[in-house]
Amino acid sequence: MSAPDTTAATVPFASAPAACGPEFVETPVAYDGILLAGFGGPEGQDDVIPFLRNVTRGRGIPDERLEEVAHHYRHFGGVSPINAQNRALKTALESELARRGLDLPVYWGNRNWAPYLSDAVTEASESGDTTLLAFATSAYSSFSSCRQYREDFARVLEETGLGETVTIDKIRPFYDHPGFVETFVEGVRAAIDGFTADGADPSAVQVLFTTHSVPTDDALRSGPRDVDWGPGGAYAAQHEAVAAWVMSRVSELLPVAADVPWELVYQSRSGPASQPWLEPDICDVIEELPARGRIAVAVVPLGFVSDHMEVLWDLDTEAKDAAAEAGLAFVRTPTPGVSDSFVAGIVDLIQERLEGRPAAARAHVTALGPAFDVCRPGCCENIRAGFKPAAAGIAP
């Protein structure tokens, strides 16, 4: 992947090496804090609707429609697992940073629920940590998984009045970093090995790599605008590339996997029926598998870093039920969570920016990577809301 340099560009709220807009920041930056940026989730029944109002702010969705989604959370006592998972990730990061001798505090803040990003940035500033490097818990390029975090960074700095004293750079999209993908390789290998050990022919096993669906218009605008990503934009291209690499790697470890068919599918659609979203839907595909001669399905949550609600409900409940109705053996493979490889990979990504590591020396497993440090003009546009100020990227 390549794109022309943008000269004389200004990146708002950025550290000095990133402020002129290079694709890769190859100058060391003395960050004094890490900002762990999460989505957030309710932690009790009374939190569910207020949380969903935050998620859908500005879209005018009435509470009656929000209740259609709320039952997913209410099924689990109104508690999303995501906050506990991010607490565990914060602790694991702190431990790995200390093990490597990196004296960097980790501040955790969410976009949609407490602790909020504004709380984390304020806490960092009050502690004297003003040059922050953010890790967002989404690996791919799209509005909701990258630009929306960057817009929230800018909004928080403006609302808190800290925009003149605090800078926030963002770790690159890490979809093809070895630390992120290793869990998926092991999960697919184990699933296929288990199915074939039980007597399934490899060609009768289906691997479905799944990720959160997004509006088609958003997908087409994901990633740098001067790169031809093909149908589905960078979002779809990145997932396809990682899925292909995972299957190739699994086939090296387990030769019978070369005969196992795979497909990229989507889940968790939340928009109106009149608005096109990326397809096919995972449950629709599962229903079709018996007609294709499949007797088993391995569902791989390729788009997710942990077992949050879209995994527990949409996969472990709805997709699993769909497989049972279709008479299919079903396995859902693990997410990275706080695995040693993922935590070490995040710290590797932090060290890239601390060192100003050259792009040619950065870890990646597909031909698309490594992704850019500084987002390009117009990257991941949300055409319904227009462009808003965003940190860690060049203004459109």
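## Exposure and the model

Buried means under 20% relative accessible area, exposed means over 50%, and partly exposed lies in between, using a 1.4 Å probe and protein chains only. At 23% relative accessibility, His212 is therefore partly exposed.

Please keep in mind that this is a predicted model, where local features need pLDDT of at least 70, side-chain atom pairs count only at pLDDT 80 or more, and totals for chains, interfaces and linings use all residues. Residues are numbered from 1 along each chain as its sequence is written, and side-chain values use heavy atoms, with hydrogens and water left out.

## The annotated site

An unreviewed UniProt entry annotates His212 and Glu310 as "binding site"; such annotations may be inferred rather than shown by experiment. The two span 99 residues in sequence, yet no two of their C-alpha atoms are more than 8.1 Å apart, so they gather at one spot.

His212 sits in strand S5 (residues 205-212), while Glu310 belongs to helix H11 (residues 309-312). Helices (H or I, at least four residues) and strands (E, at least two) are DSSP runs, numbered from the N terminus. Taking contact as heavy atoms within 4.5 Å, and leaving out residues up to four places away in sequence, His212 touches Glu310 and also Tyr235, Tyr266, Gln267, Ser268 and Phe304. With that exclusion, the contacts of Glu310 include Leu315.
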